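Reader: I am new to this structure and would like to know what stands behind the words used to describe it. Could you take me through them one at a time?

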Amino acid sequence: MKVIAVNKSASFEYFIEDKFEAGIVLEGSEVKSVRAGNCNLNDCFCFVRAGEVLLKNMHIAVYDKSGAFNTRDSRRDRKLLLHKSEIAKIVGKVNEKGYTLVPLKIYFQGSLIKAEVALCRGKHTYDKKQSLKEKDIARDKERQIREYT
């Protein structure tokens, strides 16, 4: 599994509750651009419309060798491929207060491009401060262990 893009801010901004693996509907030139590594998940989110899960605001750069045939927007909505039972579970949780669907990473599984999306609850500022404090403590421990040995 080769990871293409990671949403680093998702783990800082949200408590991750449940993860799903989904396929992405892409065009040929978009696949070539993703294979070249021209993909970005910053400010990206998912939503459900008419029983379909869509990925909004994911940037895939226009493939430079595609010519005049590629006139699509680089930040268009892209459909995620999930089972009906997974979509029903997601819709039930998203309709609850405080849950949202966030993409975590884009990766290759064999020759297929997959997205890992997660049901998340938002963190408060005190939760974010606590996670930063824990991260700093762990970093100091590692530093002290290295200096001691």
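Author: Accessible areas come from the Shrake-Rupley method with a 1.4 Å probe, and for residues only the protein chains shown count as cover. By that method the accessible surface of the chain comes to about 9,600 Å², of which 50% belongs to carbon and sulfur atoms. The model is a predicted one, in which local features need pLDDT of at least 70 and side-chain atom pairs count only at pLDDT 80 or more, while totals for chains, interfaces and linings use all residues. Residues are numbered from 1 along each chain as its sequence is written, and side-chain values use heavy atoms, with hydrogens and water left out.

Reader: How do you know how many helices and strands the chain has?

Author: Helices (H or I, at least four residues) and strands (E, at least two) are DSSP runs, numbered from the N terminus. Counted in this way, the secondary structure of the chain comes to four helices and nine strands, which follow the pattern β-α-β-α-β-β-β-β-β-α-β-β-α along the sequence.

Reader: What makes strand 1 and strand 4 edge strands?

Author: Two strands pair if DSSP finds at least two bridges between them. An open sheet of seven strands has the order 1-8-9-2-7-5-4, with antiparallel pairing, and strand 1 and strand 4 (45-49) are its edges, since each pairs on one side only. Within the sheet, strand 5 (residues 52-56) and strand 7 (residues 78-81) are joined by three bridges in the antiparallel sense, and L54 has K79 in strand 7 as its bridge partner.

Reader: Why is E116 called buried?

Author: Buried means under 20% relative accessible area, exposed over 50%, and partly exposed in between (1.4 Å probe, protein chains only). E116, which lies in strand 9, has a relative accessible area of 14% and therefore counts as buried. Leaving aside residues up to four places away in sequence, E116 touches K19, F20, V102, P103, L104, K105 and Y107, where contact means heavy atoms within 4.5 Å. Of the 149 residues of the chain, 35% count as buried.

Reader: Why is D77 called partly exposed?

Author: D77 has a relative accessibility of 25%, and so it counts as partly exposed. R49, at 46%, also counts as partly exposed.

Reader: Which residues meet in a salt bridge at 3.2 Å, N to O?

Author: The side chains of R139 and D136 do, and both residues lie in helix 4 (residues 125-148), three residues apart, about one turn of the helix. Elsewhere, salt bridges that share partners join K19, K105 and E116 into one network.

Technical notes:
Salt bridge = Lys/Arg side-chain N within 4 Å of Asp/Glu carboxyl O.
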